[in-house]
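Keep the sequence and the structure in view while reading.

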Amino acid sequence: MFEEEMDNRIYKLFISQYKEEEEENMLFINRLDQAHDFQWENNSLPQDTPLEIKNKIKEADVVVVLSGLYSNHPDYIKQVINTAQEEDKPLVIIRPYGVENIPLELEKKAQEVVGWNAPCIVDAIKGVLGVGEGSCDL
């Protein structure tokens, strides 16, 4: 009787990525691609310069940080987070795959922290933008 309303919005995401960590990035992108009723575009590249990062974050709706990159690339992750805060962009942090805890300094700066469950990631992204209910607990 009631059809679920389709979300036709295209969400502009800045996803942290680092060229030496391509496997984790591809795994995350595959998760987002599998999400139901979620259209998105990633406007970040692994070789972005600091100025490009700033400009691309300005254009993004949400900044998504793969916290698994933090241990090997802390300066890059800090730059992305600090830029997101400077540009007043909502920050969703993804826990390292298979790990529940993230560094407290990252957790404190995030609006949402979620794992690798695609529906939870989508809920978190929509939630920080006020178009959904926030992350889920699965």
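Two aromatic pairs turn up when the whole structure, a predicted model, is searched. In one of them, Tyr11 and Phe38 are stacked, because their ring centres are 5.0 Å apart and their planes stand at 20°. This pair links distant parts of the chain. Tyr11 sits in strand β1, Phe38 in the loop between α1 and β2, and 27 residues separate them. Tyr11 counts as buried, at 1% relative accessibility. Phe38 is buried too, with a relative accessible area of 7%.

Phe28 and Trp116 form an edge-to-face pair, with 5.7 Å from centre to centre and 85° between the planes. Phe28 belongs to helix α1 and Trp116 to the loop between β5 and α5, so this pair ties together parts 88 residues apart in sequence. Phe28 is buried, at a relative accessible area of 0%. Trp116 counts as buried at 6%.

| Aromatic pair | Centre distance | Plane angle | Arrangement |
|---|---|---|---|
| Tyr11 and Phe38 | 5.0 Å | 20° | stacked |
| Phe28 and Trp116 | 5.7 Å | 85° | edge-to-face |

**Overall layout**

The chain has five helices and five strands. From the N terminus on, its elements run β-α-β-α-β-α-β-α-β-α. Of its 138 residues, 44% count as buried. Take the contacts between residues at least 6 apart in sequence: 66% of them join residues at least 24 apart. The chain exposes about 8,000 Å², and carbon and sulfur atoms supply 46% of that area.

**The sheet**

In what order do the five strands of the open sheet stand? The order is β2-β1-β3-β4-β5, and the pairing is parallel. Strands β2 (39-42) and β5 (112-114) are the edges, each pairing on one side only. On average, neighbouring strands are turned by 30° against each other, direction ignored.

Strand β3, residues 62-66, pairs with β4, residues 91-94, over four bridges in the parallel sense. Val64 stands opposite Val92 in β4. Val65 stands opposite Ile93, also in β4. With β1, strand β3 makes three bridges, again parallel. There, Ile15 stands opposite Val64 in β3.

Why is β3 described as largely enclosed by the rest of the structure? Five of its five residues are buried. Both faces of β3 are covered. Val62, Val64 and Leu66 are buried on one side, Val63 and Val65 on the other.

**Helices against the sheet**

Helix α3 (residues 74-86) lies across β1 (10-15), β3 and β4. The helix runs at about 160° to β3. Together, β3, α3 and β4 make a right-handed β-α-β unit.

Helix α5 spans residues 118-128, and its buried residues are Ala118, Cys120, Ile121, Val122, Ala124, Ile125 and Lys126.

**Drawing it together**

Technical notes:
Residues are numbered from 1 along each chain as its sequence is written. This is a predicted model: local features need pLDDT of at least 70, side-chain atom pairs count only at pLDDT 80 or more; totals for chains, interfaces and linings use all residues. Side-chain values use heavy atoms; hydrogens and water are left out. Two strands pair if DSSP finds at least two bridges between them. Helices (H or I, at least four residues) and strands (E, at least two) are DSSP runs, numbered from the N terminus. Axes are lines fitted to C-alpha atoms, for helices over the stretch in contact, and angles run from 0 to 180 degrees between N-to-C directions. Contact means heavy atoms within 4.5 Å. Buried means under 20% relative accessible area, exposed over 50%, partly exposed in between (1.4 Å probe, protein chains only). A crossover is right-handed if, with the strands pointing away from the viewer, the path from the first strand over the helix to the second runs clockwise. Accessible areas come from the Shrake-Rupley method with a 1.4 Å probe; for residues, only the protein chains shown count as cover. Rings of Phe, Tyr and Trp (its six-membered ring) pair if their centres lie within 6.5 Å; planes under 30 degrees apart count as stacked, over 60 as edge-to-face and the rest as tilted.
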